[in-house]
Amino acid sequence: MSEDLFPIPADWAAHARMNQAARAADYRRSLDDGDAYWLEQAQRLDWITPPTRASDSSFDEADFGIQWFADGTLNVSANCLDRHLAERGDITAILWEPDDPSDAPRSLTYRELHAEVCRFANVLKDAGARRGDRITIYMPMIPEAAVALLACARIGAIHSVVFGGFSPEALAGRITDCDSSIVVTADEGRRGGKRVPLKANVDAALALDHCTSVRRVLVVRATGGAVAMQPGRDSWYDEAMAGVAPDCPAEVMKAEDPLFLLYTSGSTGKPKGVCHSSGGYLLWASLTHALCFDYRPGDVWWCAADVGWVTGHSYIVYGPLANGATTLMYEGLPSWPTPSRIWEVVDRHQVHTLFTAPTVLRALMKEGDHHVAKTSRASLQLLGSVGEPINPEAWRWYHGVAGEGRCPIIDTWWQTETGHCMVTTLPAVDKMRPGSCGRPLPGVEIEVVDEDGNPVEPGTNGLLTITRPWPGMLATLYGDDERFVETYFSKFGKDRYFVGDYAQLDPDGYLWVIGRADDVVKVSGHRLSTAEVESALVSHHSVAEAAVVGQPDEDTGQAIAAFVTIEDSAADVSRTELVEDLREHVAAKIGKLARPKRIVFTYDLPKTRSGKIMRRILRNLVEDKPLGDTSTLRDPSIVEHIAKKMKES
């Protein structure tokens, strides 16, 4: 682990809201007097019925349960919009930067966004949406995506956003799992100069036999591309919006009512519908946006993510808008049409804070410093990293080249399930250590433990756990409370939340996250189930068996390595052609992000005598680590065979 410590820049230290002692005291109080602390923090929100108690949550076996602010009522949409109208109504809420830099940006003030959200809330109600209904949102990165989220929250519907890069089959599975009745989409998306056929993908998903719950499809004209519209089911967004009022009362919601579902990959293959509730989630979004990034009114905030992921939910939409911020939405790629694009956007909109992923930084590093140097970046004051551990080399480049050594870096650790940032360095408080995500935020108590749940010594690798509930955590997995407990609380019992990451704490209390401990691959910060990729491979007519693991990749953090045995009928097929065919097959089944970077053909897979595939051995092979115990293998010679094939692939 790096021993480098980077000091807090002097100008940041001069206007710090707290010092190191105050940070420690705040953290201690959040653990020692949690109810009082969280009721005090809850005053950040505009409650219809203020809560009188903070947590009814417990990780104890006898009374296990997750509830926050249970006797309080509020509306998330009203917190993000209505309460800002009197003082911030004419301030820009959303800045939109299009994919093509020659196209004009758009902006919406809080007053304009409020009217749009109210209109679309009325459109949803006219389409039959009611409180508690699930609504699937499959959109490009355009302002209407944020409008759709906030409109669902306004009427008490539960939104389920599906990333626009997912295939029709993946979309259908997520629609079916939550029994969604309405889909909100666009004719097409634009990304890196290419068109994404969103409406056509929706049509293909709804044509599948098992996807039968959807009654209505609402379509935004994003590109003007020609699409098929099914009478009685499909409606154009603009036409529907033209006939409704710009006012819609906000539904009174309990703090524990679900706000949204977001599907994330699981080690069993079936994606998990992570369910976040209204009060605790919004409080954590608002608090962490302000605390972690030291947000001040007037700063232009840019979270360079997609609303299809939790980062976009929490730090493009809910956190910034709850705080009355100006949030930037970007439709395109950070390196298109030139590797200077991300920095050009910073200059164009005078961005104060940039929050992006290490995989983006590594890609830009490879293009050369001159693409950064040709831009000013004078407005940049703070840099953030999200999605995966950032390697020290990328950290130093981000700090020294992009930030010119004057911008602190906030390297954050969190998950879809945690909802928001959990561990970081605070920009005006903590010294920075490249490669470490820093220290826990208030209310977050972590322990690194061994396989038996015993805490390990500082500097020792172990399994990362969280030992008490926090307001922003998931409430359950949609429709599957049993899987919720099994996934997060079975390994060590219900007294701690099992993160699924290997990590260590150094002697100064800084957390170092090393990688996933389960069968999930994290590509460019996005979690993909190995089982889901394996299922896609095996569905190809040429494949008999497949095993998938993550391999280190300098650009994406991890990449997918697939080990495949083929059917006899495919014996004469060109391996080069088959590799490309399989990669495209997986892309069609799941999405382009899931395409294996490496495919190794083998006559068998390493299996125990009972037939269980030992993926641990495959992981060790791709990482060039000692294989460990191979005595239980049915055919020990398979390891040498696979190692040879890997050299050929």
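## Helix α16 and its cover

In this predicted model, the buried residues of α16 are covered by elements that include α13 (341–349), β16 (353–356), α14 (358–367), α15 (370–373), β17 (382–385) and β18 (409–411). Helix α16 itself spans residues 392–402, and its buried residues are A394, W395, W397, Y398, H399 and A402. In an α-helix, residues three or four places apart point the same way, because there are 3.6 residues a turn. After α16 comes E404, with a positive phi near 55 degrees.

## The open sheet

Eight strands make up an open sheet with mixed pairing, in the order β10-β9-β6-β4-β5-β12-β13-β23. Strands β10 (234–236) and β23 (476–477) each have a single partner and stand at the edges, so one side of each has no neighbour in the sheet.

Within the sheet, β5 (residues 158–161) pairs with β12 (residues 258–264) in the parallel sense, over two bridges. H159 has F260 in β12 as its bridge partner. Helix α11 (residues 278–292) packs on the sheet and touches both β12 and β13 (272–277). The direction of α11 makes about 80 degrees with that of β13.

## Packing of α2 and α3

Helices α2 (residues 20–32) and α3 (residues 34–41) pack with their axes 5 Å apart, at an angle of about 115 degrees. That angle makes α2 roughly perpendicular to α3.

On the α2 side, the contact consists of D26, R29, S30, L31 and D32, which meet G34, A36, Y37, W38 and E40 of α3. By class, four residues of this contact are nonpolar, two are polar and four are charged.

## Backbone exceptions in loops

Most residues other than glycine have a negative phi, and most peptide bonds are trans. The peptide bond joining W336 and P337 is cis, with omega about 5 degrees. P337 lies in the loop between β15 (326–330) and α13.

D179 has a positive phi, near 55 degrees, and is not a glycine. D179 belongs to the loop between α8 (168–177) and β6 (182–186), and is partly exposed, with a relative accessible area of 46%. R377, also not a glycine, has a positive phi of about 60 degrees. The loop that holds R377 runs between α15 and β17. With a relative accessible area of 3%, R377 is buried, whereas D179 is partly exposed.

Terms used: Residues are numbered from 1 along each chain as its sequence is written. This is a predicted model: local features need pLDDT of at least 70, side-chain atom pairs count only at pLDDT 80 or more; totals for chains, interfaces and linings use all residues. Side-chain values use heavy atoms; hydrogens and water are left out. Two strands pair if DSSP finds at least two bridges between them. Helices (H or I, at least four residues) and strands (E, at least two) are DSSP runs, numbered from the N terminus. Contact means heavy atoms within 4.5 Å. Axes are lines fitted to C-alpha atoms, for helices over the stretch in contact, and angles run from 0 to 180 degrees between N-to-C directions. Buried means under 20% relative accessible area, exposed over 50%, partly exposed in between (1.4 Å probe, protein chains only). Angles under 35 degrees count as roughly parallel, over 145 as roughly antiparallel, 65 to 115 as roughly perpendicular and the rest as oblique. Ala, Val, Leu, Ile, Met, Phe, Trp, Tyr, Cys and Pro count as nonpolar, Asp, Glu, Lys and Arg as charged, and the others, Gly among them, as polar.
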